[in-house]
Structures are given as C-alpha cells and as structure tokens.
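Keep the structure open while you read.

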Amino acid sequence: MKTDKKLIFISHAQPEDDYLAVWLASKLRQLGYEVWVDKDNLNKGDAFWNEIELKMKNESFRFIPLVSEKYIEKAQDKNSGVFLEIALAKSIARKIDNYTLPLRVDNCNYDDFPISILPLDTIDFSKNWGKGLKELIEELELQKIEKVEVEPNVLQQWHKYLDIHGQVLSKPDFYGSNWLKSSLPKTLSVYRFSGDAIKAQKEIPFALKRDKDYILGFFGDSGLDLRTEFRQDINVDDFLSDETFTLDSGDSIIGTHQHFVQLMNSAIDEFFYQHENIKCWKKKSKEKIYYTRKPPRDSGGYPFKIGNRKGWRTLKGKKGEIFWNYSLSFKFQLNPFPHYVVNPHILISDDKGFKDDDRKHRRSIPKEWFNRHWYDRIFAFMNYVNDGKDEQFLTINSGREEFQIDIRTALFKSDKGYDEPETN
C-alpha cells in the first residue's frame, strides 16, 4: 500500500530507557529520518496519549519499540502507555507492511516479548549501540524508508531533551582528550637464549615480545638465569624506521611497529602489576582494566591539580547494593605522536565480585557526568597512580630502560568553544 507517511515512532519504557530513546532519535534525525519520541513526557512526566495516538495513526510509517525488561513489564499493564502503543501498533500493522521493527536493548528474554512483537525479526542493541544502529540503518535503507531534510541542530535537540543548558560559542578554545603523550625508551634489545624460546620467556620478569627464536625487550640480560647466544642493542628510532629490521645475525624482524606497540602495552601492564595501590580486572575479551584499591577519602574521592586549578573527583562509590569503581584501560599508539589512549570504564561489583554485563547500572551511575567530570577523573586517577606527587610525568621503568607519560591529557585547539554548565 502506497503512502506518504515517513515518520518513525520510537516506543520505550519511561524513564528507564529515556537516554537510549533520545540517543537513537538524535542519530536517526542526523541521518535524515523523520523521528518522533515522547520528548514532552521525558521532561514533564505527563501522559499525552491523544497526541501519541494521532502521531501513530496519521503520520507513522514505522514503529520501533525498545524492548527491555521494563518495557516487557509495562506492556503487561493495560493502563500503561507502552500497552496502549503496542495495541495501536498491532492495528496499524494490518495496513502497513513491516510496520513494527523491534530492538532488544538489554538482556531481556526473547520468549517474554509482547505477543504481537514476539514473532518479528529483532535487532540486538543489548551489547553494542553502535553496532545495533548500523544494522538498523541497513534495514531502513533496505526497506527504502524515505528521508526528509537533516535536522539543522541535532545537538541542540539532544540538549533540550536531557535538560542540558550548555551552548556552542564562536571563540577559539582548547579541548582535552583521552590521550596521554609518552616518550620512548632509547634502546630495544633483541636476544636469542639457549634452549626453547617459549620456556626462556617464562624466566624473564620484564615486559617482552617473542618473535620465533628471538625475544625483544627493554631489559638487560645480566642477572638472568639464562645463557645468551645472541644479543643486539638497537636504537628505537632505527628499529621503527621501517616495518622490517635486519639483525646482525642475518635474520629479520618483520612488523617492527606492531612488536613495539605490544612491548609498550606490556611495559605499562608490568608497571600496574607492581603498583601496590592499583588492581587489575581482566574482561572476557582479555582487556585489562585498572582500578584503585582505596582512595584516602571515605567519600571515594581523590584530589588532582591541573596547572593552577585544583579539585577532586570520586573514583569509587555505592548505589543501593551496588558498588562501582571508576577505572581505566591503556592502549599504546605511535601515530600521530607516541601516546597511550586511556578509556574509562565503570566496574560494577557486589559481594560476589565484578559483573561482566550490568549495563543498566553502568549507564545510570555516570548519567549526570558532563565532559568535565570524565576529564577530571582521568587526572584524579593518574595522580593516584603517581602516588600523589605534584609532578607532571609518570616514570615507567621496564628493566634497563625507562620512559615517561605526561599525566595531563593532550589538548587540541578548535575555533569553536562550548559553555558547559557545572553540576555537583
């Protein structure tokens, strides 16, 4: 059936899934789709059923329910907006093919889906919103959903829905990042020890990288209970000058940049392993995440200093029966300059330990944090790592060599500024 309808109607549980609903609506609008989400309800908490009914009946071409545990619960209540929206969508679906396109947004059981949604193909947003959005866009394009003009200021709408009052200003400004500049060790050593290289590497208490019969590292071999058959000390700049380095033995090390990056990652892992105030939790993906043992304040906060600005940020806390830990993971990159990318995480725990998949709590704890809060927590964390010393650089020793990490994140200049509100 041909129609001039273009509207995508997003149905969701309020207030539990407000954030995702607004995020999705903003992304779709930015891509040129006409979208409606119950934004008035988000801010006022009132039910505007008449408006919703008219929007769905007269304008909507797709109905996208964000199916979560709360959504399923509310769908069972005949007085809820979710129940009414699903019932109306079922009626409209008789006239519009493929009208309902459900998204699974948490770990809810597919078997518990509302009966009219249960048999429909579902897109999974529960593990990765970005991946889910890509799949949704592909489906909308496959179904040839007509687009309209791109919204002129999606960011402004996002701020309106979430009651954020910051504004973009036409003035030069500097922006922080999650990059920590790093110096490089001066020398890299390549060894071949007698015996099996795999067994030999287990005897070495330093960061290393094995390449066939050779072992690469920033350490010296004195004091090791191993017999050295070959050793070559190489200037790091020379080692990184090409992707292949030919040794004096005639053998070649292929993929020098990859080897070096892995060595730098191993070096910082070695540093944190030895740090008495830092603990490590390894995700199922093998990513290593570092968190503080116990900041000195009972509040879970730790002080920081950036130039003349001082402050403190909470690194640990408790919400209900859930304990949370602000934590960081580190990945080294050579370009555009040597640096570690630090990615923040919220680790959730109870008396049984960390939970690998508790997304609801991960989203709810930092939902009031603006950019400044995330930014300052990196400083507080790195100041904690540096044992509270009033120093700009953190020194990492890896055997014989050392390098320094600037605990102030790299800044980038822009011709646009942003006036961000302060919150407690």
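In which sense do strands β9 and β12 pair, and over how many bridges? The pairing is antiparallel, over seven bridges, with β9 spanning residues 187–193. Leu188 has Ile234 of β12 as its bridge partner. The model is predicted.

**The sheet**

β9 and β12 belong to an open sheet of four strands, ordered β10-β11-β9-β12 with antiparallel pairing. β10 (208–211) and β12 (228–235) are the edge strands, and each pairs on one side only. On average, neighbouring strands of this sheet are turned by 20° against each other, direction ignored. Helix α10 (residues 256–274) packs on the sheet. Helix α10 touches β9, β10 and β11 (214–217), and its direction makes about 145° with that of β10.

**Salt bridges**

Side chains of opposite charge can pair when their charged atoms come close. The count here is 16 salt bridges.

| Pair | N to O distance |
|---|---|
| Lys74 and Glu16 | 3.0 Å |
| Glu229 and Arg227 | 4.0 Å |
| Asp233 and Arg231 | 3.1 Å |

Asp233 is partly exposed at 44% relative accessible area, and Arg231 is partly exposed at 35%. Salt bridges with shared partners also join Arg104, Asp124 and Lys127 into one network. Arg227 counts as exposed at 56% relative accessibility, whereas Glu229 is partly exposed at 44%.

**Cysteines**

The structure holds zero disulfides. Cys108 is buried, at 2% relative accessible area. Cys280 is partly exposed, at 41%.

Terms used
Residues numbered from 1 in each chain as written. Predicted model: local features only at pLDDT ≥ 70, side-chain atom pairs only at ≥ 80, totals over all residues. Heavy atoms only, no water. Disulfide = S-S within 2.5 Å. Buried < 20%, exposed > 50% of the residue type's maximum accessible area, 1.4 Å probe, protein only. Pairing = 2+ DSSP bridges. Helix = DSSP H or I, 4+ residues; strand = E, 2+ residues; numbered from the N terminus. Axes fitted to C-alpha atoms, helices over the stretch in contact; angles between N-to-C directions. Contact = heavy atoms within 4.5 Å. Salt bridge = Lys/Arg side-chain N within 4 Å of Asp/Glu carboxyl O.
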